[in-house]
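Walk through this fold with me, from its helices to its sheet and then to its ligands.

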Amino acid sequence: MRIGHGFDSHRLEAGDGVQLGGVHIPCAYRIVAHSDGDAIIHALCDALLGAIRGGDIGKLFPDNDPQFKGIDSRRLLDEVMRRVRAAGYQVVNADLTLIAQAPRVSAHTAAMCEQLAAGLGVAVEDVNVKATTNEGMDAIGRKEGLAAHAVVLLSAT
Ligand SMILES: Nc1ccn([C@@H]2O[C@H](COP(=O)(O)O)[C@@H](O)[C@H]2O)c(=O)n1
Ligand SMILES: C[C@@]1(CO)OP(=O)(O)OP(=O)(O)OC[C@H]1O
């Protein structure tokens, strides 16, 4: 068994929607990033890479490389999962926490679990996505950004 933790954060600015957990959420914000800015998937990728001692997404997918400009982060998860399998592991379960004052995501967490389960090759019951505000405190509380944490457990195949 191997465990991994990942964290990611991104700035928010005025816009017409965000991509989180592989799901488009219409709202008055956009995520500032080189890719689609999906902080939930970025944290998940880093947790997976951490569990196999595989570096981090910034090393694998540099944010100055044009091939990753605007990329759908589900494609980054596909490549990370290819590495997890090549290392001889499979996912047992994943638990994700979004910290965001905005947007509100509770109506979308079930769809996120489906997207992430498909990417991880597990049943939807093995993925949990939850959210909390920052109670109005600091930059996240001022809706200037958002952050995500991920924890994954892997077992040998
Ligand atoms: N971006 C978010 C943040 C929170 N929620 C939901 O609201 C509930 C209350 O948030 P607290 O910060 O008071 O814990 C939380 O349990 C989430 O279900 C959300 O949907 N989107
Ligand atoms: C995903 C990558 C690659 O496009 O860019 P960003 O979307 O800026 O995201 P970040 O969380 O800074 O992580 C690593 C990057 O290299």
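Helix α3 (residues 73–86) and helix α4 (residues 109–120) have axes that come within 9 Å and cross at roughly 35°. Helices here are DSSP runs of H or I with at least four residues, strands are runs of E with at least two, and both are numbered from the N terminus. Axes are lines fitted to C-alpha atoms, for helices over the stretch in contact; angles run from 0 to 180 degrees between N-to-C directions. On the α3 side, the contact is made by R74, L77, D78 and M81. Helix α4 supplies Q115, G119 and L120. Contact requires C-beta atoms, placed from the backbone, within 7 Å. By class, the residues of this contact are three nonpolar, two polar and two charged. Nonpolar covers Ala, Val, Leu, Ile, Met, Phe, Trp, Tyr, Cys and Pro; charged covers Asp, Glu, Lys and Arg; the others, Gly among them, are polar.

This is a predicted model: local features need pLDDT of at least 70, side-chain atom pairs count only at pLDDT 80 or more, and totals for chains, interfaces and linings use all residues. Residues are numbered from 1 along each chain as its sequence is written, while chains are lettered from A and ligands numbered from 1 in the order in which they are written.

Now the sheet. Five strands form an open sheet of mixed pairing, in the order β4-β1-β7-β5-β6. Strands pair if DSSP finds at least two bridges between them. The edges are β4 and β6 (127–132), each pairing on one side only. From one strand to the next, the twist averages 25°. Helix α1 (residues 39–51) packs on the sheet and touches β1, β5 (89–99), β6 and β7. The direction of α1 makes about 155° with that of β1. Helix α4 packs there too, touching β5 and β6, with its direction at about 140° to that of β6.

Look at β1 (residues 2–14). Ten antiparallel bridges join β1 to β7 (residues 145–156). There, D8 stands opposite A148. Four antiparallel bridges link β1 to β4 (residues 29–32), where R11 has V32 as its bridge partner.

D8 also belongs to the surroundings of ligand 2. Others in that shell include H34, H42, D63 and F68. A residue is near a molecule if its C-beta atom, placed from the backbone, lies within 6 Å of it. The shell holds five nonpolar, five polar and two charged residues.

Which residues surround ligand 1? They are L98, A100, R104, V105, S106, A131, T132 and T133. Four are nonpolar, three polar and one charged.

Terms used
Contact = placed C-beta atoms within 7 Å.
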